[in-house]
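Please consider the model shown below.

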Amino acid sequence: MTQTAVALSTDARGAIVEALNQSVAETAVTTMLAQNFHWNVKGMAFGPLHALFQEIYEDHFTAQDDLAERIRALDAHAEGTLAGMLERSKVKEHEGHASDKEMIKAMQDAQETLAATLAGAGQVAAEAGDTLTEDLCIARGQTHEKFAWFLRSHLA
Ligand SMILES: [Fe+2]
């Protein structure tokens, strides 16, 4: 049965919020990763890669807010610290130098991790009948798969 935020059980709400907080964390860490690469990329493909990494961090910055505000609509606490996000996130920061190809591969991996996390979060929401969270997660998963395709195509 379809459930709105107020009708969810405590257990269902907890599971959804946990999945959404992981999604926020990975989206935030990937925002930083995209900015890092936007700033530091070099090489003959500088122009398009600089622009693509910007497109990714701008998309992800908006998405963090959408995911965190869904958590608040579920009346739970949204992760709001960088330390907490790094702890929750399976996507890791990239320290030091990377070549353009290493950046593309690292960002492709991040997008694939995010696509899997959002698909999982959507499944948790679907099982609880929370179609509104499920819809948000599906949309985000599609965007991450699109970016994964863009990046993968550079390395073909
Ligand atoms: Fe810039």
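Which backbone oxygen does the side chain of Arg72 reach? The side chain of Arg72 reaches the backbone oxygen of Ala76 at 2.7 Å. This is a predicted model, in which local features need pLDDT of at least 70 and side-chain atom pairs count only at pLDDT 80 or more, while totals for chains, interfaces and linings use all residues. Residues are numbered from 1 along each chain as its sequence is written, and side-chain values use heavy atoms, with hydrogens and water left out.

Arg72 belongs to helix H2, which covers residues 46–73; helices are DSSP runs of H or I with at least four residues, numbered from the N terminus. Arg72 is partly exposed, its relative accessible area being 48%; partly exposed lies between buried, under 20%, and exposed, over 50%, for a 1.4 Å probe and protein chains only. When neighbours within four places in sequence are set aside, Arg72 is in contact with His77 and Ala78, contact meaning heavy atoms within 4.5 Å. Val17 is 55 residues away from Arg72 along the chain, and their C-alpha atoms are separated by 9.2 Å.

The next topic is the largest pocket. Its lining includes Ala28, Gln64 and Glu93. A pocket is an open set of points on a 1 Å grid over the protein atoms alone, where a 1.4 Å probe fits, with protein on both sides within 12 Å along at least five of seven lines; lining residues have an atom within 4 Å of a point. Helix H1 (10–40) and helix H3 (82–88) each supply at least two lining residues, and H1 gives the most, with five.

Methods
Polar contact = N/O pair within 3.5 Å; in protein donor to acceptor, adjacent residues only side chain to side chain.
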